[in-house]
Amino acid sequence: MTTTLLIIHGLCAVFMLGALTHQALSVWWPATAGGRSVFHSFRAVRGAAYADTVVVLYTLTATLGAVVYPAYRISIRVFLEDLRLNAANGVFELKEHIVAVGLGLLPAYWYYWRQPLADGDALARKAVTALLAAIVWYSFLVGHVLNSIRGLGP
Amino acid sequence: MKAARVFPVFSIAFAVLYVLAMENNWALFTYFARAREFHWLVVAPPTPRMGPAMYWYGWLATSALGAGVVATAAALLRADRAAGMWRGLSWAVPLAAIAVLVFLLRGWFIRMT
């Protein structure tokens with residue numbers, strides 16, 4: 001059951017990673033008219049369309065992570081401690097904390113993506129989106145690396 | 001939606017309260033993963049069989065509750081009129097909170113004497 005939830009947790013993270021990366025690039029590096037490259041297409045999205053989905057996916061992914069977290073705490077962390085992999089434990093500790101900060105950031109993120117954008121909110125929208133994207137990228141990479149250390153399953 | 005104007009205040013307060021809750025262990029409840037039991041406030045494992053105490057859920061609850069109170073107070077005090085200040089702090093404070101968390105967790109990465 002934990003393994004299934006962990007896989008769903010990972011899949012939700014992949015969807016969110018895609019949505020937030022599209023959105024962050026569209027707002028920081030907007031596509032110009034006439035571009036035809038794949039990078040141009042990647043940026044040429046309507047960022048506001050992703051906001052609600054990102055909020056739902058972040059909440060869902062964090063909730064699933066919270067559900068499987070006890071299994072990590074009981075077995076994986078002990079395993080890492082036995083191997084004296086302090087840095088591996090440390091990056092996960094940091095992950096749980098910055099994911100929490102990201103959860104708290106969601107209301108501001110949602111507010112700055114509401115339509116229409118109020119005067120003066122453009123920088124806040126860009127900064128909050130970039131911060132959330134960085135949190136998700138870090139968390140995804142740490143989760144992936146730790147899975148590779150310990151492997152899936154009991 | 002007028003209530004949404006204080007959403008950035010919630011995010012700012014949450015980041016500050018989370019760091020304080022984590023550093024001072026202000027958990028609203030404690031979870032014992034092995035025993036699958038919740039206990040109000042901070043509780044140390046009474047027996048080794050209970051397994052490690054998990055405070056993270058409690059820190060989240062403390063921060064969310066506190067940030068909710070701060071955001072409600074901000075709405076009542078019409079603090080949304082200071083939107084210019086909140087829009088800058090809404091990303092700067094969480095970013096600073098992450099920097100503080102990295103500093104607090106440095107013991108995992110460097111050997112401290």
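Here are some questions and answers about a predicted model of a complex with chains A and B.

Residues are numbered from 1 along each chain as its sequence is written, while chains are lettered from A and ligands numbered from 1 in the order in which they are written. As this is a predicted model, local features need pLDDT of at least 70 and side-chain atom pairs count only at pLDDT 80 or more, whereas totals for chains, interfaces and linings use all residues.

Q: What makes up the secondary structure of chain A?
A: Chain A has five helices and zero strands, in the order α-α-α-α-α from the N terminus. Helices here are DSSP runs of H or I with at least four residues, strands are runs of E with at least two, and both are numbered from the N terminus.

Q: How many of the residues in chain A are buried?
A: Of the 154 residues in chain A, 42% are buried.

Q: Why is α3(A) called roughly antiparallel to α4(A)?
A: Helix α3 (residues 51–82) and helix α4 (residues 86–112) of chain A pack at an angle of about 160°, their axes 10 Å apart. Axes are lines fitted to C-alpha atoms over the stretch in contact, and angles run from 0 to 180 degrees between N-to-C directions. Angles over 145 degrees count as roughly antiparallel (under 35 roughly parallel, 65 to 115 roughly perpendicular, the rest oblique), so α3(A) is roughly antiparallel to α4(A).

Q: Which residues of α3(A) and α4(A) meet?
A: Among them are Val55(A), Tyr58(A) and Leu80(A) in α3(A), and Val99(A), Leu103(A) and Trp110(A) in α4(A). Contact means C-beta atoms, placed from the backbone, within 7 Å. By class, this contact has 10 nonpolar, three polar and two charged residues. Nonpolar covers Ala, Val, Leu, Ile, Met, Phe, Trp, Tyr, Cys and Pro; charged covers Asp, Glu, Lys and Arg; the others, Gly among them, are polar.

Q: How many residues of chain B are in contact with chain A?
A: On chain B, 32 residues are in contact with 28 residues of chain A. The largest share of that side of chain B, 10 residues, comes from α3(B). The side of chain B that touches chain A has 25 nonpolar, five polar and two charged residues.

Q: What is the confidence in chain B?
A: Its average pLDDT, the predictor's confidence in each residue from 0 to 100, is 89, and 96% of the residues score at least 70. For the complex, the predictor gives an ipTM of 0.91 and a pTM of 0.91.

Definitions and conventions
A residue is buried if 20 or more other C-beta atoms lie within 10 Å of its own, exposed if 12 or fewer, and partly exposed in between; C-beta atoms are placed from the backbone. Two residues are in contact if their C-beta atoms, placed from the backbone, lie within 7 Å.
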